[in-house]
Amino acid sequence: MINLLIEPLQYSFMQRSLMIAILVGIICAVVGSYLMVQRLALLGDAISHSVLPGLAIAFILNANIFVGAFIAGIVSTICMNIIRTYSRIKEDAAMGIVFSAFFALGITLITLVQKDNKIDLNHFLFGNILGVTAGDVRDTFIITIIILAVVMLIYKELLFYTFDPLGAEATGLPVNLLNLGLMGLIALTIVASLKAVGVILVLSLLITPAATAYLLVERLHLVMILGVIIGVISSISGMYLSYFYNLPSGPAIVLVTFGLFILAFLFSPTQGLLRIKQK
């Protein structure tokens, strides 16, 4: 058993991949906990698709693609908020309009880039964790530190805003700034997860570990802690399954995450489906 655990670690690409997987598992669970509580799961999916134009534009300009993705995510969020605030369009419709347009623009730009440069950017759609470099590990580690530092710094304010937005506004908290900050955290998390699972599967890592923890515990900080444990276990297990059974890494991580959710859904002491049926 020990030899099986050690064998993949002999390869530097597996060491880098496992580091990325662990970091992504941590930040996705932390940020995803806020999305779960606020019932904004689809917002994470929308932002993940809207970063594509930033990726393509950054590549064309020979700039850092992660910076481009982050800027695109923030710009799309601002556009959605402008439409929601200054028109009769509701938030869900505004998300559908803006983020689908950004996704379409991203696909168009990626297609043009591929024609001119003969490269494949599709790994940003589906992930390519085995191809990460030392620079990618460094960037993801920096993003992880930033996200965790911000969450710890404004935890109480975000907690109040998450559960009672109107009450937070009434007490004088800068709710618009908090909302923008949360959107920024989501965008940063998605950018950090691009190489691991891609924009198509990132929603699973953002929501499923937090949702699994939500079935087992009630308080937000416990959801975060348990979600991090679930996210890290899922990421490591998915990487090992990918190595030994020649499976695509991103989907393997997501399937392990889903498997743990199903176990919690069925056997949770307080929320489990089988427990409810026994009543």
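**Terms and values**

Modeller: N62 is placed in the loop between α4 (52-60) and α5 (65-86), helices being DSSP runs of H or I with at least four residues, strands runs of E with at least two, numbered from the N terminus. The model is predicted, so local features need pLDDT of at least 70 and side-chain atom pairs count only at pLDDT 80 or more, while totals for chains, interfaces and linings use all residues. Residues are numbered from 1 along each chain as its sequence is written, and side-chain values use heavy atoms, with hydrogens and water left out.

Colleague: Why is N62 called exposed?

Modeller: Its relative accessibility is 72%. Exposed means over 50% relative accessible area, buried under 20%, and partly exposed in between (1.4 Å probe, protein chains only). N62 therefore counts as exposed.

Colleague: What makes the phi of N62 worth noting?

Modeller: Phi of N62 is near 60°, a positive value in a residue other than glycine. Most residues other than glycine have a negative phi. N246 is also not a glycine and has a positive phi, of about 55°. It is found in the loop between α12 (220-245) and α13 (249-267).

Colleague: Is N246 buried or exposed?

Modeller: N246 has a relative accessible area of 70%, so it is exposed.

Colleague: Why is T189 called buried?

Modeller: T189, in helix α11 (residues 175-216), has 0% relative accessibility and therefore counts as buried. Leaving aside neighbours within four places in sequence, T189 is in contact (heavy atoms within 4.5 Å) with I27, C28, V31, I147 and L206.

Colleague: How do you know whether T140 is buried or exposed?

Modeller: The relative accessible area of T140 is 5%, so this residue is buried. T140 lies in helix α8 (residues 134-153). With neighbours within four places in sequence again left aside, its contacts are I20, L23, V24 and A192.

Colleague: How many helices and strands does the protein have?

Modeller: There are 14 helices and zero strands. What makes this protein as compact as a globular protein of its length is a radius of gyration of 19 Å, close to the 19 Å that the globule rule gives for 279 residues. The radius is taken over C-alpha atoms, and the rule is 2.2 Å times the number of residues to the power 0.38. Buried residues make up 47% of the 279 residues. Among contacts with a separation of 6 or more, 72% join residues 24 or more positions apart.

Colleague: Which residues does the UniProt annotation "transmembrane region" cover?

Modeller: The unreviewed UniProt entry gives several spans, including 198-217 and 224-245. Its positions follow the numbering used here, feature names are shortened, and annotations may be inferred rather than shown by experiment. In the model, residues 198-217 are 95% helix and 0% strand, with end C-alpha atoms 29 Å apart. Residues 224-245 are 100% helix and 0% strand, and their end C-alpha atoms lie 31 Å apart.
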